[in-house]
Amino acid sequence: MRGGWGSLLENCGYQKTGLHEYLQEKGLKNIILCGMQTEYCLDVTCKVAFEYEYEVTIPQSTTTTFDNAFASGKDLAEYYENKEG
């Protein structure tokens, strides 16, 4: 298995890593996400995980990102950590 959580997107041009198959094989349906670039990698991973019907948890203070033209990194991380599905 290679790659990061974004590799759940096996049908959208990302490298095939086998992550989704691995999780299925193990019978795992709960995912805890953390990481950097919250509005990119974490956002995509979370959306795809929901599409695959995983239960997703993003613990407080486990994400981060950089400031951008629209919001500070702190505000973006807090948004995703407090977002409810």
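Which residues are buried in α3? In α3, the buried residues are G73, L76, A77, Y80 and E81, where buried means under 20% relative accessible area, exposed over 50% and partly exposed in between, with a 1.4 Å probe and protein chains only.

## Model and conventions

This is a predicted model, in which local features need pLDDT of at least 70 and side-chain atom pairs count only at pLDDT 80 or more, while totals for chains, interfaces and linings use all residues. Residues are numbered from 1 along each chain as its sequence is written, and side-chain values use heavy atoms, with hydrogens and water left out.

## Overall fold

The chain contains three helices and four strands, arranged along the sequence as α-β-β-α-β-β-α; helices (H or I, at least four residues) and strands (E, at least two) are DSSP runs, numbered from the N terminus. Of the 85 residues, 33% are buried.

Contact means heavy atoms within 4.5 Å, and among contacts between residues at least 6 apart in sequence, 47% join residues at least 24 apart.

## The buried face of α3

Seen down the axis of α3, its buried residues fall within an arc of 130°, so they line one face of the helix; the arc is that of the directions from the helix axis to the C-beta atoms. The cover over these buried residues includes α2 (38-51) and β4.

T65 lies in the loop between β4 (63-64) and α3 (73-82), and T65 counts as buried because its relative accessibility is 9%. Apart from neighbours within four places in sequence, T65 is in contact with Q37, T38, E39, G73 and L76.
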